Amino acid sequence: MKLRNVVGGVVAGTGLLAAANAVLSRRTPPLEPALSGEQHTYRWRGMDVHYTEAGDEDDPNLLLLHGVNAAASNGEFREVFDELAEDYHVIAPDLPGFGMSDRPPLRYSATLYEDFIGEFVAEFDDPAVVASSLTASYLIAADPDVSRLILVCPSERGGPEPKEWLRELIRAPVIGEAVFNLIGSKPSIRYFNADHGYADPSRVSDEWIDYEWRTAHQQNARFAPASFISGYLNEDIDLETELADVDAPVTLVWGRDSDLVPLKRGRELAEAADCKLVVFDDTKLLPHVEFPEQFLSTVREDVGIPA
């Protein structure tokens, strides 16, 4: 009798989770582009990868590659995209598995993102590239031909040592979806923003938190973050060594108060690879969002403004 009661409780609990997941899915509005501009699709390995493009095609190409988290998208560049398009031909993709790009239920890996970035960047002539956090390591590992790199708080690691049980838990139907719904909830998003993302969380609008919530609740939204959270998107390179071998000029942009990737690491990379280091005060992991005007000045100074 006791075993029957336990089994019955598990079945009932799973049914309630499934029902809650279904209700939440039905209530999640469709996702619109985070950035204004021309919306395009890049076909890659059977996936439609979304990107936004703006600016004069005769101006220098500038690619913007967002970082990786549970609610990632090219909207990370929302504060600077339009202004950059006044001077450059700007292209900002949603990485596979994020934003408005396809999100097939793959076991996403660092190698997948290296391959995508290498091939996508190669579509553009002599581009300058801005890349954020973990994505900067994918860019360095891919080693495409570029004219200039601006790397925002680059890091080889975005999670723990790979934990298969954690990845498979989040990938699992019903339970995994419920776990990820908690990870992508508005309280969790606000916690991450306040604890690691922003020195001043009041700089994040309610509208943007709502967008992050919606992108984290699209169909199949959990599969790419499952690999990130469980450590399978960590990059297996040494940034100090690889940066020293980059032919193009490199600028590192760092938030003085960044804790996930502390400024000490930025100073080590700059010294080891002879890179320019620009430090923004009163900001953490996203200096380009918290202080867009300062970031725009850095880009224009280092990339140059077309005549």
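1. Helices (H or I, at least four residues) and strands (E, at least two) are DSSP runs, numbered from the N terminus. Please keep in mind that this is a predicted model, where local features need pLDDT of at least 70, side-chain atom pairs count only at pLDDT 80 or more, and totals for chains, interfaces and linings use all residues. Residues are numbered from 1 along each chain as its sequence is written, and side-chain values use heavy atoms, with hydrogens and water left out.

2. Let us stay with α4 for a moment. Seven of its nine residues are buried, so α4 is largely enclosed by the rest of the structure; buried means under 20% relative accessible area, with a 1.4 Å probe and protein chains only. These residues are Leu134, Thr135, Ala136, Ser137, Tyr138, Leu139 and Ile140. They pack against β3, β5, β6, α3, α9 (223-229) and α10 (239-244), where contact means heavy atoms within 4.5 Å.

3. Now for the sheet. It is open, with eight strands in the order β1-β2-β4-β3-β5-β6-β7-β8 and mixed pairing; two strands pair if DSSP finds at least two bridges between them. At the edges stand β1 (38-44) and β8 (276-280), each with a single partner strand, so one side of each has no neighbour in the sheet. From one strand to the next, the twist averages 20°.

4. Leu252 has Leu277 of β8 as its bridge partner.

5. Helix α3 (residues 110-121) touches β1, β2 (47-54), β3 (61-65), β4 (89-93) and β5 (128-132), and its direction makes about 120° with that of β1. Helix α4 (residues 134-142) touches β3, β5 and β6 (148-152), at about 135° to the direction of β5. Axes are lines fitted to C-alpha atoms, for helices over the stretch in contact, and angles run from 0 to 180 degrees between N-to-C directions.

6. How do α3 and α4 meet, and at what angle? They pack at about 65°, with their axes 8 Å apart. The two are therefore roughly perpendicular to each other, a term that covers 65 to 115 degrees. Ala110, Tyr113, Glu114, Ile117, Gly118 and Val121 of α3 make the contact with Thr135, Tyr138, Leu139, Ala141 and Ala142 of α4.

How values were computed
Buried means under 20% relative accessible area, exposed over 50%, partly exposed in between (1.4 Å probe, protein chains only). Angles under 35 degrees count as roughly parallel, over 145 as roughly antiparallel, 65 to 115 as roughly perpendicular and the rest as oblique.
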